[in-house]
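Colleague: Can you walk me through this one? I'd like to go piece by piece.

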Amino acid sequence: MNRHFDRDIEQLKELLLRMGAMVEDSINQSIRALLERDTAIAEQVIAADSDIDRMELEIDQHTIELIAKMQPAAVDLRFVATAMKINPELERIADLAQDVCERAIELNREAQLKPLIDIPRLARAAQEMVRQSLDAFVRGDAALARAVIARDDEVDQMTEDSFRELLTYMLEDSAYISRAIRLTFVGKYFERIADGATNICEMVVYLVEGKVIKHAGNVGEVR
Amino acid sequence: MATMEFVQGTRAAAGSAQPAVSSGVRPKIDVKKFNFFYGSAQVLYEVDLELPEKQVTALIGPSGCGKSTFLRSINRMNDTIPGARAEGTISIDGRDLYAPDVDVVALRRRVGMVFQKSNPFPKTIFENVAYGLRIGGIKDKRVLDEIVEQSLRRAALWDEAKDRLGASALALSGGQQQRLCIARALAVGPEILLMDEPASALDPIATQKIEELIYELKDNFTIVIVTHNMQQAARVSNRTAFFMLGKLVEVGDTNAIFMTPKEKLTEDYITGRFG
Amino acid sequence: MSVDPDTTLRAYPPRMQPSAMSKRPRQIREVVSVGLLGFSAFLIIAILAVILGNIAYAGIGQISWEFLTKSPEAGLTEGGIFPAIFGTVSLVILMTIAAVPFGVATAVYLHEYTPAESPSVAWRRYQSARVGEKGKLLRHFLSAVLATITRSAVANLAGVPSIVFGLFGLGFFIQFVGRGLDRATQAPGEIHWGQGNILWAALTLALLTLPTVIVATEEALRTIPSDLRAASIALGATRWETIRRIVLPGALPGILTGAILAVSRGAGEVAPILFTGAAYYLPYLPKRLTDQFMELGYHVLILSTQSPDVEATKPLLYGTVFVLLALTFLLNLAGVLIRSRTRSKMRVGG
């Protein structure tokens, strides 16, 4: 049976995907701004963030209206709950991309410290995780979501590797410190973007299977 | 205070999330392989269900799914229908109420019933509540007074009715009439209360009062409620059983049924995807 | 693309065409039919008014203390009608005692204890039942058959002409029951029960009234919502407790009204008592069940057909008819009053 509720759900999904696309774009552009040392692109990303903020508010509004009017249950309830949690997660990811751009602008004011190796890999990995997490959400693909979650450790490792390398620069010459710290931050930002993707994927598993896998092992089985 | 009770209530419910057997809560009503027929038409198929003591179990499902028939099987109200026939067992405290030596009249004093449409007798408020007692042979005015007051209090109607116990029950509002019917059922001292869509004919405020009442009554009674209002089932019950086409599709903790039902049919029903 | 208005309008039936929208022909038909219906109603009222008016006009002047309290005198051409009034009232009371309890009991049995479904449905149910259930459903079927037979008997009884009841009363009560009693209890040749008397007349009249009482009672029982029965049963009451405490009290106004209307109709019948106990003239009042009696309706018949001097008895005749009508009217009024009193008592009081 077709429910007009389904149209509302579809609409909410579409809004989230548009938001996801905007966020992905921000990540892509932030990586370009960083690697191509392009201040103009970085400024565009920062400017675009207010659109994403507006989008977040719009999705929030839509979700709350859905709850008020439809009182969703079961899979609908899980979908709405997922939407409510994915939405700020995406917004936070966009903020992190904005932070990357701010650091990029600062880095662009000085000479390049070193050819970037670990950070681009890290950035690509985080970017891919975000894309896949959104794919998993759209398709309701719990297996893909679990695969994305599994990559988080790999990203953590890359962040650690990049930090160690940057640390050697800082130890070598104190003139490198400010740039190395900025690059360390950038690494951390991408790591947290990947964390965001992981959170989204945990919600996708809940949405599809009804199982809470978040904090598994820390608090024991939650019903 | 109310909030505290609610939290405790929820925890208690959470404790019984798993099948009732493992929860340690003794099933008050134990249904085994129960079949029911109207003539040659079978309306219930092999229902296996345990209803825990002092909890609210909601029966949900589309019209004609057998949930009302099932409810009426618990106090054998279906007996009056010609050609009605039951197979299997429904036990209360371990005693099969379809055994040949069961006194149906005595059974109905242990299993009270509240109907969809409030149906007070065209008598005074007092006489409505005292009806079951008088049938049971109680004549002592003091005893009658006491039980009538206690029942009205339990049904949250005392404050509204105490000054007009001698007035006709038909002068009460719809919601008050339904609470009167609950008081009337409570007066005979049942352990189990069956409710057949008790609030479906009431406005939201009266409905809310009935729901609050059900919530309080479950501390002392085992309640089985049939409802078409999904939100109501979610709000008042500890456990929910979903029936379809005469079969019990799924039963479980209400939270689980409404957030993560196991069966696709249940999910389709509670999300309104039924064709 | 423009739509031709004529084409679209042709789709409507002719009376809805704009040209037919003027209200004239339909309005005229409306006025004519309302007029005819109203005239029929008016005619009925007018006829009734003329009859009642005539009786009241001619009869009321005749009413006096003496007329009401004295016996007929001078070969029915003078005096009062007291024995007839007394006889009528006694007859009606006896008839009510016989007809109402019996009729109410029959109706309660039919409505509360026999199946609501037809014998054919009950039979199909019996046929499709499993072996273990057969006995129960056979009883169910037989009781449905009994109910159907009883109901059609009641319906047929109601259609029997009242003179036939009179003949039945003569044949059954007097010839069969009465003579039988006499043979059993009296010395040979003694006639005590085997002749017309007030008991046989009352019973005959009760038979005539019975169908009406049964139908009215069943009608009253039908107005008690099945919800109330279910509520009572669910509280652990038996079927009989439910009937006694819920159904009968609730149906009482309806039963009373029905009974009184039935009785008042029976009270005006002359044919059933013609051969069963009504007397042309009696110098005494009936004191025992075996006594004969005078009766108002019968008295009217006698006055208008058997009087030696028709013109002289005419005022008496009008007076008697007036009293008979007044008695019937009083009974009907009592029925209406009881109904409205008990109803309002149920709604608000208690």
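Colleague: What share of the 350 residues in chain C is buried?

Modeller: Buried residues make up 38% of them. Keep in mind that this is a predicted model.

Colleague: What about its contacts? How much comes from residues 24 or more positions apart?

Modeller: Take the contacts in chain C with a separation of 6 or more. Residues 24 or more positions apart account for 71% of those.

Colleague: Which chains have the most contacts with each other?

Modeller: Chains B and C. There are 2 pairs of chains that touch, and that pair has the most contacts.

Colleague: How far apart are chain A and chain C?

Modeller: Their nearest C-alpha atoms are 34 Å apart. These two chains do not touch.

Colleague: Back to chain C. At what angle do α9 and α10 cross?

Modeller: Roughly 125°. Helix α9(C) covers residues 226-234, and helix α10(C) covers residues 239-267. Their axes come within 10 Å. That angle makes α9(C) oblique to α10(C).

Colleague: Is the crossing right-handed or left-handed?

Modeller: The crossing of α9(C) and α10(C) is right-handed. On the α9(C) side, the contact uses Leu228(C), Arg229(C), Ser232(C) and Ile233(C). On the α10(C) side, it uses Arg239(C), Thr242(C), Ile246(C) and Val247(C).

Colleague: How do those residues divide by class?

Modeller: The contact of α9(C) with α10(C) has 4 nonpolar, 2 polar and 2 charged residues.

Colleague: Let's zoom in on Thr242(C). Is it buried or exposed?

Modeller: Thr242(C) is buried, because its relative accessible area is 2% and buried means under 20%. Thr242(C) sits in helix α10 of chain C.

Colleague: What does Thr242(C) touch?

Modeller: Skip the residues up to four places away in sequence. Then Thr242(C) touches Arg229(C), Ser232(C), Ile233(C), Ala237(C) and Val247(C), plus Tyr131(B) from chain B.

Colleague: How far is Thr242(C) from Arg229(C)?

Modeller: Their C-alpha atoms are separated by 6.4 Å. Along the chain, the two are 13 residues apart.

Colleague: Switch to chain A. How do α5 and α7 pack?

Modeller: They pack at an angle of about 150°, with their axes 9 Å apart. So α5(A) is roughly antiparallel to α7(A). The crossing is left-handed.

Colleague: Which residues of α5(A) meet α7(A)?

Modeller: Ala142(A), Ala145(A), Arg146(A), Val148(A) and Ile149(A). In α7(A) they meet residues including Thr198(A), Cys201(A) and Glu202(A). By class, the contact has 8 nonpolar, 1 polar and 3 charged residues.

Colleague: What's the angle between α1 and α4 of chain A?

Modeller: About 170°, with the axes 11 Å apart. Therefore α1(A) and α4(A) are roughly antiparallel to each other. The contact includes Leu16(A) and Leu17(A) of α1(A), and Ile119(A) and Pro120(A) of α4(A). By class, it has 13 nonpolar, 3 polar and 4 charged residues.

Colleague: Where is Ser162(A)?

Modeller: Ser162(A) is in helix α6 of chain A, residues 152-172. Ser162(A) is buried, with a relative accessible area of 3%. Leaving aside neighbours within four places in sequence, it is in contact with Asp118(A) and Ile119(A).

Colleague: Now chain B. Is Asn128(B) buried or exposed?

Modeller: Asn128(B) counts as buried, at 0% relative accessibility. Its place is helix α5 of chain B, residues 125-135. Beyond its neighbours within four places in sequence, its contacts include Pro120(B), Phe121(B) and Arg184(B).

Methods: Residues numbered from 1 in each chain as written. Chains lettered and ligands numbered in written order. Predicted model: local features only at pLDDT ≥ 70, side-chain atom pairs only at ≥ 80, totals over all residues. Heavy atoms only, no water. Buried < 20%, exposed > 50% of the residue type's maximum accessible area, 1.4 Å probe, protein only. Contact = heavy atoms within 4.5 Å. Axes fitted to C-alpha atoms, helices over the stretch in contact; angles between N-to-C directions. Helix = DSSP H or I, 4+ residues; strand = E, 2+ residues; numbered from the N terminus. Parallel < 35°, antiparallel > 145°, perpendicular 65-115°, else oblique. Left-handed = near helix turned anticlockwise from the far one by under 90°. Nonpolar A, V, L, I, M, F, W, Y, C, P; charged D, E, K, R; others polar.
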